[in-house]
Amino acid sequence: MSAYADRLEALAAEAADRCTGCGMCFEVCPTAREIGLDAGEAKARVAELSALTCDGGPAADGLQKWLNACDGSARCSDACPEGINVRQWVTIAKLKALNAVRPRAVGATNAASRFRHMAQAVRLLASMQLPSETLKKILEPAERRTAEILFYTGCNVLRTPHIVLNVMDILDALQLDFDVVGGTAHCCGVYQFQEADLPTYERMGHRTFQRFGQSGASKVLTWCPTCTKNFDELEKDVEEPFFDLAHISEFLAANLDALKARFVDQPKRRVVIHEHLGIGATVDSIRKLLSAVPNLELVELVQDSGFSYACGGQAAKFKDREQAIHRGLAEGAVAAGADTIVTMYHSCHRALAGAEAAYPLRVVNFTDILAEALGRGGHPDYYRLYKAGGSMDEAVAAARRFLADNGVHVDEASVQSLTADIFNETSLAGSREAFAQAFTALAREQ
Ligand code: SF4
Ligand code: SF4
């Protein structure tokens with residue numbers, strides 16, 4: 001076993017050692033209830049978790065169902081009276097249980113295929129929406145950077161790159177010395193960890209984290225909730241880094257006075273935040289930031305915010321529940337007289353961006369609002385145009401220009417695969433034909 005794998009084992013063993021077996025973590029688990037596991041058997045499930053940790057796998061039946069259902073909501077960690085990070089424990093236990101029943105090569109093949117699919121979609125979507133100069137800047141190796149602050153994008157936000165441009169605008173407005181770094185060459189290794197391919201994870205996610213350190217930055221600001229969760233629980237807890245690690249929303253909330261001093265007058269807006277718990281103080285930070293924007297009124301809605309830490313990802317296993325959350329949010333926002341839904345993360349933005357096709361609402365990311373309040377921003381959200389399914393003229397014209405600039409060619413097969421990728425997500429969306437037809441025509445012309 002590698003030193004890294006040893007340390008993971010030690011983290012899980014430490015959790016098992018501190019656990020009193022009270023069962024409260026299992027009792028509050030929303031996905032355990034979603035698949036019908038009985039809260040009355042909480043103590044038995046936690047005893048199985050401890051047994052797996054101390055004696056090895058495979059996992060008992062009930063435990064395996066719990067592990068498979070977990071979508072990372074962290075309700076368990078919040079409920080634990082001993083302050084145990086149960087989500088982290090469950091994540092490590094899941095890896096151990098998989099390794100006990102499946103050759104690593106199977107997981108490695110699955111992870112490689114999931115990564116390839118994601119990388120292809122990210123590469124195409126980023127090349128359709130960003131100039132090559134910006135894209136190159138983001139993809140440059142982390143260890144070659146020299147700025148005090150690294151803004152780490154992760155991979156998937158590059159499907160909605162206006163968000164990255166907004167954050168760059170905001171950091172610029174604060175006159176900070178920062179570099180932006182991301183893309184699939186700096187992946188957090190989530191697929192490899194989930195598929196229990198630890199050796200490849202160590203060459204990817206673990207290595208990405210080490211490269212941040214090699215850059216000499218004193219602060220790394222994350223964007224993606226999955227990267228934030230993984231780096232926090234599978235890297236920072238394994239070995240304390242020399243740099244501070246924080247989600248961008250927390251960093252901006254800590255710099256609210258500097259932001260407020262730069263805010264300019266804004267149009268009147270009534271907004272609802274699409275909330276997720278589970279990633280540090282992100283919801284509270286975003287609420288604090290938006291409350292300070294001139295003329296913006298926050299409308300509070302009761303929401304199902306504890307089901308998962310973000311839309312998509314592992315929560316996508318529960319399509320019906322996700323769909324109900326999205327519809328309930330849009331309908332609740334309209335009924336409450338809101339005009340805007342604000343998304344926290346990129347995956348939520350992708351899921352909700354098409355709501356405009358069915359509801360009298362704008363859907364924007366919190367970074368759209370902040371960048372505009374600083375007199376910047378205004379970057380076109382082409383992904384929202386794709387999802388809304390109306391006229392694609394503006395999106396196609398931009399894609400034509402950016403694809404040529406990036407030297408990237410889209411063929412009809414790529415358009416088909418992108419259409420499936422964009423529209424098969426659990427989400428609110430307009431017509432998929434509008435996107436498919438317009439971009440197929442672009443592929444034929446290239
Ligand atoms: S992280 Fe959420 S879904 Fe996973 S075990 Fe904990 S409460 Fe359940
Ligand atoms: S809530 Fe904490 S102490 Fe109680 S069973 Fe779960 S992990 Fe153990």
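Let me begin with one residue: Ser 127 is buried, because 23 other C-beta atoms lie within 10 Å, where buried stands for 20 or more other C-beta atoms within 10 Å of a residue's own, exposed for 12 or fewer, and partly exposed for anything in between, with C-beta atoms placed from the backbone. What we are looking at is a predicted model, in which local features need pLDDT of at least 70 and side-chain atom pairs count only at pLDDT 80 or more, while totals for chains, interfaces and linings use all residues. Residues are numbered from 1 along each chain as its sequence is written, and chains are lettered from A and ligands numbered from 1 in the order in which they are written.

To stay with Ser 127 for a moment, this residue sits in helix α8, residues 104-129, helices being DSSP runs of H or I with at least four residues and strands runs of E with at least two, numbered from the N terminus. Apart from neighbours within four places in sequence, Ser 127 is in contact with Phe 402, Leu 403, Asn 406 and Val 408, contact meaning that the C-beta atoms, placed from the backbone, lie within 7 Å.

Now to the chain as a whole. The secondary structure comes to 23 helices and eight strands, and 48% of the 446 residues count as buried. The C-alpha trace spans about 60 × 45 × 45 Å along its principal axes. The radius of gyration is 22 Å, which agrees with the value near 22 Å for a compact globule of 446 residues; the radius is taken over C-alpha atoms, and the globule rule is 2.2 Å times the number of residues to the power 0.38.

Turning to the domains, the assignment gives domain 1 (3-101) and domain 2 (104-254), with bounds that come from an automatic or database domain assignment. Their C-alpha centres lie 27 Å apart, and twelve residues of domain 1 are in contact with eleven residues of domain 2. On the domain 1 side, the elements giving two or more residues are α1 (3-18) and α7 (86-101).

Which residues come nearest to ligand 1? Among the 13 residues around ligand 1, they are Cys 29, Cys 70, Ser 73, Cys 76 and Arg 87, a residue being near if its C-beta atom, placed from the backbone, lies within 6 Å of the molecule. Helix α7 gives the most to this shell, with three residues. Around ligand 2 there are also 13 residues, of which Cys 19, Cys 22, Met 24, Cys 25 and Cys 80 come nearest.

The largest nonpolar core has 136 residues, and Ala 93, Leu 150, Phe 151, Val 164, Val 167 and Ile 341 touch the most other members; such a core is a set of buried Ala, Val, Leu, Ile, Met, Phe, Trp, Tyr and Cys residues joined through C-beta atoms within 7 Å. This core draws at least three residues from each of domain 1 and domain 2.

Finally, two backbone angles. Gln 175, in the loop between α10 (162-173) and β2 (178-181), has a positive phi near 55°, and this residue counts as exposed because it has 8 C-beta neighbours inside 10 Å. Ala 196, in the loop between α11 (190-194) and α12 (198-215), has a positive phi near 60°, but Ala 196 is buried, with 22 other C-beta atoms within 10 Å.

Conventions: Contact = placed C-beta atoms within 7 Å.
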